[in-house]
Amino acid sequence: MMPLLELVDVHRSYKIGESTVHALRGVSLKIRRGEFVAVMGSSGSGKSSLLHILGLLDNPDSGEYRIFGRNVNDLSGDEQAGLRNHMAGFVFQQFHLLKRMSVVDNVRLPHIYSGEQGDFRQEALRRLEEVGLGHRTDHTPNQLSGGEQQRVAIARALIRDPGIIFADEPTGNLDSVNSAEIMKILQDLHREGRTIIMVTHEHDIAAYAGRVLTMRDGLVVSDEQRDVVDGPTEIPNDYEKAGESMWHASRPISLWKDGRFIGFMQQAFQAIFANKVRSFLSVLGILVGVASVIALMALGEGAKSAMQEELKSMGSNLLSVRGGSSKVRGSARAAGAIAPFTFTDVKDIAAMRPMIRNAAGTVSGSARIVYGNKNWSASLDGVGFEFGLMRAAVPSIGRWFTREEIQKRDKVAILGMTVVRELFGNANPLGRTVKINRINFRVIGVAPPKGFSGPRDGDDVVMIPVTTAMYRVLGKDYLSYIYVEVRHAAEIKKAKKAISALIMKNHRLREADEAFYIRDMTEIQEMLSSTTQTMSLLLGSIAAISLLVGGIGIMNIMLVSVTERTREIGLRKAIGARRSDILLQFLVESVGLTLSGGIMGVVSGTGIAFLLALFAGWSVKASLLSVVLATCFSALIGIFFGLWPARKAADLKPVEALRYE
C-alpha cells in the first residue's frame, strides 16, 4: 500500500545568531493511513521540526516530502495552505485560541479559508458536542479551564473533517485528569480512521499510540510498533480519490464568490472592537484630519460663494470707463480733466450692438443725509436707468427709478442698508423724506446688500437719478464713469478696443494722453477667484497634513498589532490562511479604522462648520464633494499606510509565527 506521508532524506537547519542548528539530519520516514504515531525525544532532538514539516508548516532544506506519492516541496506557500486547510487539523500545546472570539467562532475559524460558503455554526456546535463542550459555546476562552480550551482546539481541528490530526504536546499544559480526557478524544478519532501524529515527551502519553518514533540529534533512532487495543475499525483504501481531492484543495480559490471577504470584514471589526480605546486613539488622527478637511473646505467654499455674490454685485461682463490724467507743462491734471464723459458717449457706446448689451453713465460724490434729528455722511451716486440691472442694484424693497423720473430730474432716492440702519433703525424708510445736501428727497427703495468691497462699505451709499445729481446736487456737467455691459465675455477685448477708439474720436484725443482708462471687471473676478483657489489649496494642504499624520499613526498601530498578533497569524496560516488572506484581512482592518475615523470626521467637520456659521457668523458651505473626497481619501490612507504592516504579517512563516514569544 502506498504510504500516506513519506519523507526521503530530509534535512532542516536553522540560523540562531551566528550559529547553525541542524534540527533534522537526513530523516527518512513512511506513515500509513490510519496510524497513531507518537514522536518522542528530548528537547532539541528535532521532534517538533519533524511535525512541522509533516504538517506543511515548514519546508525542508533538502530531501523530498511526499503526500499520496506526490512531492509537495515544490508547492507554493498558498498551495500548501490549501492542503493544510483540507487535510490537516492541528492541536497545539498553547491551544492558540483567539481570546476576543467566542468558543463557537474559534471552532469555525478554519472555514473562512476553505472556499466554501455558509456560516457553519451548526457544524461547529456539533463538533463542540463531540468533545463535551456543547454547554459552553458562547463563552470566551478566558472563561474556560485548560482542559476545556484544549478540547475547543480539538473541535477546531475537526471542523474541516481532516484525515490527519497533528498534535504538538497536546497534554503539555494539562493535569493528569484533563490529559486522560484529551487522549481519550484522540483515541476515539483514531478509531474513526483518522491518522494521528503526536509529539510528546511523556511515556504514558506515548503509550496510547500504536507506533512510537524516538528521535535524537535530528535522527530517528528508534521506530517501535505496538499493539493498539480498539484501533481503527476500517480504513478506506480510496487513495486515488483522496489524492485528487487533496490536489484540488491546493488550487487557488475565489475571494468574492466564496464569501471569504465577508469573513475577513467580520474578523477585522472583531479585532478593532476588541481594543476599543486603542482603536479610538488610532483613528483620532484620521478623525481630526477629515474634520479639518470638511470644516476648512466648507470655509473655503463659503468664502468662494461670498466672493461670487460680490462679483455678481459688480455685474457680469462689465467694463468700467473712467477719466484718466495727463501731464500738461510738466504737471498732472486731475482725473477726468482730459476726457469729460457725456451722455453722447453713453449713447454712442450703447449703439454698438449686438456686441454691447447696455451702457450707463454715472456721477459720484459725497452727501450729507438728514432725517429728523439724525444725520449721516455717505457716498452719493447719480445713476441711469440701465444701471440697476447692470450692477444688480434693483431694490428688493421698493422700486427702481423710472425713465421719466430721470428725464425730469426728480428728487427721489434709493438708500443703502447702512444708511437705512443709521437714520431709520428698524423703521420702514419707504415714502419718507430725507434731506440730501439740504435738498428734500423722497425715499422710493432700499438697495440690496452689497457688503464690503475692499475698504469701502458698498451699503453706505445713496443713489439718485444721474440728471438730478449732476444739475441739482453736485453741479457737474460731465459723467464720472461709464459702465458698459458686453454681451459675451469672449468679446470683452474687442469691445475695449472699440470703446477706446470711439472716445478718442469723440474727444479728439491721442493715445499718449492717457485721458481715460477702461477697467475690465473680469480681471477682478480672476484675481478674486485666484485668491479663493489659493486659500482653498492652503486650507486643504493643512488638512492633508493632518490626514498624513493620522495615517502614520494608523501604520504604527497596525505594526504594533502585527507584532502582538504574531501567534494569531501563525495559527491562521496553520489552519489554511493564504498569504493573500492575511494581507487582505489586515488591509480591511486598516481601512476599517480609517473609514471609521473618516465617517466620524465627516460628522464632526460638518458640525464644526455649522457651529462656525451659527456662532461666528462666518460664511460656510459644506459640499458633497468634500465629504466624498475626505471619505475616499481616508480609505486610501488606510490602504497606503496599512499595506506595509499587512505585507509584514502576510510574509510571516507559520512555524516562526507560532514560536514567537
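**Reading the fold step by step**

Analyst: The secondary structure of this protein comprises 21 helices and 24 strands. Please keep in mind that the model is predicted. Of the 661 residues, 51% count as buried. The protein exposes about 31,400 Å², of which carbon and sulfur atoms supply 55%.

User: What share of the contacts with a separation of 6 or more comes from residues 24 or more positions apart?

Analyst: Such residues account for 77% of those contacts.

User: How should I read a sheet, and what is the strand order in the open sheet of four strands?

Analyst: In general, the side chains of a regular strand alternate between the two faces of the sheet. Here the order of the open sheet is S2-S1-S4-S5, and the pairing is antiparallel. Strand S2 (19–31) and strand S5 (70–71) each have a single partner strand and stand at the edges, so one side of each lacks a neighbour in the sheet. Strand S4, residues 62–67, runs antiparallel to S5 and is joined to it by two bridges. Isoleucine 67 has arginine 70 in S5 as its bridge partner.

User: Which strands pair with strand S19?

Analyst: Strand S16 (residues 397–398) pairs with strand S19 (residues 439–446) in the antiparallel sense over two bridges; glycine 398 stands opposite glycine 445 there. Strand S17 (residues 412–415) runs parallel to S19, with four bridges between them, and alanine 413 has valine 443 as its bridge partner. Strand S18 (residues 433–436) is antiparallel to S19, again over four bridges, with isoleucine 436 bridged to isoleucine 439. S18 and S19 form a hairpin with two residues between them, and asparagine 437 in the turn has a positive phi of about 50°.

User: How is a nonpolar core to be understood, and which residues have the most contacts inside the largest one?

Analyst: In soluble globular proteins, nonpolar side chains tend to be buried together. The largest nonpolar core in this model has 71 residues, and Leu5, Leu7, Leu50, Leu54, Tyr65 and Phe166 have the most contacts inside it. Helix H19 (residues 579–616) gives the most to this core, namely eight residues. Domain 1 (5–253) and domain 2 (262–308 + 526–659) both contribute residues, so the core lies between them. Leaving aside neighbours within four places in sequence, leucine 54 is in contact with Leu5, Leu7, Ile31, Tyr65, Phe166 and Ile197. Another core, of 61 residues, lies apart from this one and includes Ile406, Val443, Ala469 and Phe516.

User: How are aromatic pairs described, and how many does a search of the whole structure find?

Analyst: A pair of aromatic rings is described by the distance of the centres and the angle of the planes. The search finds eight aromatic pairs. The rings of phenylalanine 387 and tyrosine 483 have centres 5.8 Å apart and planes at 70°, so this pair is edge-to-face. Phenylalanine 387 belongs to helix H12 (residues 387–390) and tyrosine 483 to strand S23 (residues 481–486), so the pair links distant parts of the chain, 96 residues apart.

User: Are these two residues buried or exposed?

Analyst: Phenylalanine 387 counts as buried at 6% relative accessibility, and tyrosine 483 is buried with a relative accessible area of 12%. The rings of tyrosine 481 and tyrosine 483 have centres 6.0 Å apart and planes at 25°, so that pair is stacked. Tyrosine 481 is partly exposed, with a relative accessible area of 24%. Ring pairs link Phe387, Trp400, Phe401, Tyr481 and Tyr483 into a cluster.

How values were computed
Residues numbered from 1 in each chain as written. Predicted model: local features only at pLDDT ≥ 70, side-chain atom pairs only at ≥ 80, totals over all residues. Heavy atoms only, no water. Pairing = 2+ DSSP bridges. Core = buried A, V, L, I, M, F, W, Y, C linked by side-chain atoms within 4.5 Å. Buried < 20%, exposed > 50% of the residue type's maximum accessible area, 1.4 Å probe, protein only. Domains from an automatic or database assignment. Contact = heavy atoms within 4.5 Å. Areas by Shrake-Rupley, 256 points an atom, 1.4 Å probe, with all protein chains shown as cover. Phe/Tyr/Trp six-rings, centres within 6.5 Å; stacked < 30°, edge-to-face > 60°.
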